[in-house]
Amino acid sequence: MPDPTVLDLSRWQFAVTIAFHMTFPAITVGLSIFLAVVYALHLRTRKPVYLQIFRFWKRIFALGFALGVVSGTVITFEFGLNWGKFAHATGPIIGPIIGMEVVTAFFLEAGFIGIMLYGDGRVSERVMMVSTSLVALGTILSTTWIISANSWMQTPSGYRVVDGQFVPTSWWEAIFSPSFGWRFPHMLLGVLITAAWLVAGIGAYYLRHGRATEFGRRTLSLSLGVVTLLLPAQLWIGDQVAARYVIPDQPAKFQALEGNWDSDNTGYLLLVVPDQQAERNRVEVGVPRLGSWIAKDLSGETATPGLKETPPQLRPDMLTTFYGFRAMFYASMVMFAAAFVGVVLRLRGRLYSSPRYHRFLVWLTPIGIVAIIGGWVTAEAGRQPWVVFGEMRTADGVSDIAPGSVVATFAAFTLTYLTLLVVWVVYVVRSVRRGPESDWPDGELGSDGDDPRRDAEVTA
């Protein structure tokens, strides 16, 4: 039995690593698709503002992509060092799936990202369009394989256990495990919305400060349009994830994220302070009957299952699962309300002339990342104590190594990641303050409101 200190340290180290790593793919996957759309609009309309948007955002995409690759490499290192037993047991299935990500997605991205970043003006526009589209396709493929591997850990299928190893019996069932069909679109929409909020926040910044206002108008219009279309679909798919996968396959996760101990509460809890040992909430704030209404029982009599229905040794931690879900859900509600206000302002012709709304959007710039990380915490903390649900406990997957080794690598990774995060934030802030004006190609300014010299005179 491994030392629990090693287990705790390894879990915290992996949590910090993956939270940092997933921030960048969450941004760059959506940005890669945004760049492909913007370049296509440039080719279709010949409006220079779209080329300006493309050139501005591809620099932020490039640095985020590089940081995502570097931080992802560290995760592979951790599998071998801290989670050797897990890697040995699941290697016959997880290894080939992650290998497919390298063969398909990474090679595709690596083959064309250079043209996308440095080919502007050096290769034909058709080659630029194809390269940008293939980079976007590569990021989508990468998301596909990663979610496939994680979904197999959530709902394992297509395998048999031989000498302590999970050996595939059906690659189709292993790759497309029961939860994959709902978790993949849920994640893909999540990264698209995350990137859209980042773009919207920076577009709003320029409108608020009266700089590059045509750039701000076009980016704000595009990003809010994407969010307005995708958010309702995301809320519906999120509901389906709970109904079709979490409740039937992982009921303890659902019980923990609802925050109830006993199965007699028909309300919805907004805030709890749980005591896991005493099996009660020290503090709880909720809305009566709302839980029943969410369960589509308008009579208000349907109660939500409590965590006492699960044996203590199989319960996830309620605190992290509850607040991980609340972070995702509350962030989604704020985004939905902000998008709705944006639609109202657009219909009233005030979307580009409302300083309060622009300030609000600037504050919301990172909210998509909050939702993504909250969703991940819900999925992973709610799966505990299993690393392969129902088959392999997390405690059985950790390596027999000295705690000091984990502490040393934990400190080194955390310090490195904090440094990289600061570098990325400083780069983005400086890029935004410098503005996109320098990218305007001489002699390409249109006569339909795309002139930044005239736009600079406009105040939001």
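E125 is partly exposed, with a relative accessible area of 31%; here buried means under 20% relative accessible area, exposed over 50%, and partly exposed in between (1.4 Å probe, protein chains only). This is a predicted model, in which local features need pLDDT of at least 70 and side-chain atom pairs count only at pLDDT 80 or more, while totals for chains, interfaces and linings use all residues. Residues are numbered from 1 along each chain as its sequence is written, and side-chain values use heavy atoms, leaving out hydrogens and water.

E125 forms a salt bridge with R46 (a side-chain nitrogen of Lys or Arg within 4 Å of a carboxyl oxygen of Asp or Glu), the closest N and O atoms being 2.8 Å apart. The pair links distant parts of the chain, 79 residues apart: E125 lies in helix α4 and R46 in the loop between α1 and α2. Helices are DSSP runs of H or I with at least four residues, strands are runs of E with at least two, and both are numbered from the N terminus. R46 is also partly exposed, at 49% relative accessibility.

E214 and R218, by contrast, both lie in helix α7, 4 residues apart, about one turn of the helix. An α-helix has 3.6 residues a turn, so residues three or four places apart point the same way. The closest N and O atoms of this salt bridge are 2.4 Å apart. E214 is buried at 5% relative accessibility, and R218 is buried at 17%.

A further salt bridge joins R282 and D275 (3.1 Å, N to O). R282 is exposed at 56%, whereas D275 is buried at 13%.
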